[in-house]
Amino acid sequence: MEKSLKKILVGITGASGSVYAYCFLKELKELDIPSEVIITKAGEYVLKKELGFSLGNLKNLCLKVYTEEEFYAPPASGSSNYSAMVVIPCSMGTVGAIASGISRNLLQRAADVMLKEKKPLVLVVRETPLNVIHLKNLLTCAEAGATVFPASPAFYQKPKNLEELINFFVQRLSFFLGLRDNLSNHWQP
Ligand SMILES: Cc1cc2nc3c(=O)[nH]c(=O)nc-3n(C[C@H](O)[C@H](O)[C@H](O)COP(=O)(O)O)c2cc1C
């Protein structure tokens, strides 16, 4: 698909690592790719706790920010026109909800819609260690068509600071989604 036809739905949950969501939204903006955000209540709490940010800090990086209660919003519908959804960071609670198809909030419903419409759903999961329930739920999501893309940044490009580490990770994510043609620092033996 042409880059100009893409619109990415970004889900932000209450897993640790709100900085991944922030840097991914900045990456999309730099690539000139429109995005919309759904953030859960726990996501809002962690965003505040980890980055000192409120929803206002996200609003200038995307077209729209939805809260989890807006169950009637466009992402809830199969006729919405998102080319992919990325849940970043993705909590084990949300993984469990997606795996069981319960769709109790807008983010979970939007993920369910992506799976039923056979569109890309990428889960940037963050938890450690993982229990057997987490592992089974992740397998269920993967079998249903989601991509499990753990928030495990690489070190082979020798990042000088946290920003470089996270930026390389989000570039790797947009490369995976076909939103960028190359990576600034590919692995070379
Ligand atoms: C500071 C903080 C960090 C958290 N980190 C994680 C995490 O890394 N992974 C995870 O699965 N849950 C984590 N949680 C727990 C989730 O926020 C909690 O399960 C929440 O209900 C998830 O809801 P949501 O998936 O609707 O956002 C964390 C909670 C807090 C307060």
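This is a predicted model: local features need pLDDT of at least 70, side-chain atom pairs count only at pLDDT 80 or more; totals for chains, interfaces and linings use all residues.
**Figure 1. How the elements of the protein chain follow one another.** Picture the C-alpha atoms filling a box of roughly 45 × 40 × 35 Å along the principal axes.

**Figure 2. Contacts across the sequence.** Take the contacts between residues at least 6 apart in sequence: 78% of them join residues at least 24 apart. As for burial, 38% of the 189 residues count as buried.

**Figure 3. Inside the largest nonpolar core.** This core has 50 residues, and F24 and V86 are the ones with the most contacts inside it. Which helix gives the most to this core? That's α1 (residues 18–30), with 7 residues. Now zoom in on F24: leaving aside neighbours within four places in sequence, F24 is in contact with V10, V86, I88, V170 and L173.

**Figure 4. The shell around the ligand.** Here you're looking at the 15 residues that surround the ligand, with T13, G14, A15, T40 and A42 the closest. The top contributor is α2, with 4 residues. Sort the shell by residue type and you get 8 polar, 4 nonpolar and 3 charged.

Key. Residues are numbered from 1 along each chain as its sequence is written. A residue is near a molecule or strand if its C-beta atom, placed from the backbone, lies within 6 Å of it. Helices (H or I, at least four residues) and strands (E, at least two) are DSSP runs, numbered from the N terminus. Ala, Val, Leu, Ile, Met, Phe, Trp, Tyr, Cys and Pro count as nonpolar, Asp, Glu, Lys and Arg as charged, and the others, Gly among them, as polar. A nonpolar core is a set of buried Ala, Val, Leu, Ile, Met, Phe, Trp, Tyr and Cys residues joined through C-beta atoms within 7 Å. A residue is buried if 20 or more other C-beta atoms lie within 10 Å of its own, exposed if 12 or fewer, and partly exposed in between; C-beta atoms are placed from the backbone. Two residues are in contact if their C-beta atoms, placed from the backbone, lie within 7 Å.
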